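Dear colleague,

Please find the structure below, together with its sequence.

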Amino acid sequence: MFTIEHDFDATVVTLVDEGSTHLKEDVVINAFDDCITLEQYDPRKDSVVRITLSMSQLQDLGAALDLPEGVYRLRREKDAD
């Protein structure tokens with residue numbers, strides 16, 4: 001299950017683990033104009049862990065999900081000139 005909320009400066013997606021066993025904490029994804037943050041509560045540390053991805057890193061991640069093992073560099077539109 002997931003939720004989507006449109007805030008003033010970001011779109012917030014929350015991923016809820018609905019499996020039957022070994023449930024993980026919710027993952028909150030904040031999409032801003034210039035970056036994406038992923039947040040998840042860590043009960044061992046009793047704090048929220050945050051990862052920030054640039055838009056370029058997000059594009060690389062999206063491409064990586066469909067590629068076989070290897071090392072890649074995406075050719076960006078502005079790089080093609």
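Two strands are taken to pair if DSSP finds at least two bridges between them. Helices (H or I, at least four residues) and strands (E, at least two) are DSSP runs, numbered from the N terminus.

This is a predicted model, in which local features need pLDDT of at least 70 and side-chain atom pairs count only at pLDDT 80 or more, while totals for chains, interfaces and linings use all residues. Residues are numbered from 1 along each chain as its sequence is written, and side-chain values use heavy atoms, with hydrogens and water left out.

The chain contains 1 helix and 5 strands, arranged along the sequence as β-β-β-β-β-α. Its radius of gyration (taken over C-alpha atoms) is 16 Å, well over the 12 Å that the globule rule (2.2 Å times the number of residues to the power 0.38) gives for 81 residues, so the chain is more spread out than a compact globule.

The 5 strands form an open sheet in the order β1-β2-β3-β4-β5, with antiparallel pairing. Its edge strands, β1 (2-6) and β5 (47-54), each pair on one side only.

Kind regards
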